[in-house]
Amino acid sequence: MFLGEEAAAQFQLPVLETRFTADDIQEWLSDLFQSNSGSSEGSTRAVYSDDERKKRRMISNRESARRSRWRKKKQLEDLTEELNRSAVENQVLKNELNIVLNQCYLLWRENEQLTSEYVALRTRLSNLYRILGSMQTPSQ
């Protein structure tokens, strides 16, 4: 009860991706149709020889390993994307920090200049008060 070549042709793409032959897929589909046609799973298992079971188990293990490799590859891709996003975000934050630090430096310089001007004006005012005080004292 194997499928015809027309049905097998539609499975060529997965065959290439999974490295299973068209015969392997036909055999699996045939087994699927046999198990769905009323035979019990237990009796189907009894029909297989030890070599067939080992072959099926080996194929199943290979497919499981392939899926596991795919999941790990996908996880690595996801982590790589997250790393790239984080690196971009980190660079943006560094740029913002540099802007804030530059503004802080400019304000600090302006504050130093204003403080210096304050000290100079305070000294000048003190001198003016002294001069004014000395002018008022002799006239009394």
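# Helices, salt bridges and surface of a predicted chain

Q: Among contacts in the chain between residues at least 6 apart in sequence, what share joins residues at least 24 apart?
A: This is a predicted model, in which local features need pLDDT of at least 70 and side-chain atom pairs count only at pLDDT 80 or more, while totals for chains, interfaces and linings use all residues. Residues are numbered from 1 along each chain as its sequence is written, and side-chain values use heavy atoms, with hydrogens and water left out. A contact means heavy atoms within 4.5 Å. Of the contacts between residues at least 6 apart in sequence, the share joining residues at least 24 apart is 60%.

Q: Which pattern does the chain follow, read along the sequence?
A: Helices (H or I, at least four residues) and strands (E, at least two) are taken as DSSP runs, numbered from the N terminus. The chain has five helices and zero strands. Read along the sequence, the pattern is α-α-α-α-α.

Q: What percentage of the 140 residues of the chain count as buried?
A: Buried means under 20% relative accessible area, exposed over 50%, and partly exposed in between, with a 1.4 Å probe and protein chains only. Of the 140 residues, the buried part is 10%.

Q: How much of the accessible surface of the chain belongs to carbon and sulfur atoms?
A: Accessible areas come from the Shrake-Rupley method with a 1.4 Å probe, and for residues only the protein chains shown count as cover. The accessible surface of the chain is about 12,400 Å². The part belonging to carbon and sulfur atoms is 57%.

Q: How far apart are the closest N and O atoms in the salt bridge of Arg 53 with Asp 50?
A: A salt bridge is a side-chain nitrogen of Lys or Arg within 4 Å of a carboxyl oxygen of Asp or Glu, and the count by this rule is five. Arg 53 and Asp 50 are three residues apart in helix H5 (residues 50–139), about one turn of the helix. Arg 53 is partly exposed at 40% relative accessibility, and Asp 50 is partly exposed at 48%. Their closest N and O atoms lie at 2.2 Å.

Q: Is Glu 63 buried or exposed?
A: Glu 63 forms a salt bridge with Arg 67, with the closest N and O atoms 3.8 Å apart. Both lie in helix H5, four residues apart. Arg 67 has a relative accessible area of 39% and is partly exposed. Glu 63, with a relative accessible area of 16%, is buried.

Q: Which residues do salt bridges that share partners join into one network?
A: Arg 85 and Glu 81 form a salt bridge, with the closest N and O atoms 4.0 Å apart. These two are four residues apart in helix H5, so about one helical turn separates them. Arg 85 counts as exposed at 53%, and Glu 81 as partly exposed at 45%. The network made through shared partners consists of Glu 63, Arg 66 and Arg 67.

Q: Which residue lies over the face of Tyr 48?
A: A charge sits over a ring if NZ of Lys or CZ of Arg is within 6 Å of the ring centre and within 35 degrees of the ring normal. Here the distance from the ring centre is 4.2 Å, and the residue is Arg 56.

Q: What is the area of the nonpolar surface patch that includes Met 135?
A: Patches are made of residues with over 30% relative accessible area and no salt bridge; like charges are joined within 9 Å, and nonpolar side chains (Val, Leu, Ile, Met, Phe, Trp, Tyr) within 5 Å. Met 135 is in helix H5 and counts as exposed at 56% relative accessibility. Leu 125, Leu 128, Tyr 129, Ile 131, Leu 132 and Met 135 make a patch of about 620 Å².

Q: What distance separates the C-alpha atoms of Asp 24 and Ile 59?
A: Asp 24 is placed in helix H3 (residues 22–36). At 15% relative accessibility, Asp 24 counts as buried. Asp 24 and Ile 59 are 35 residues apart along the chain, and their C-alpha atoms are separated by 9.3 Å.
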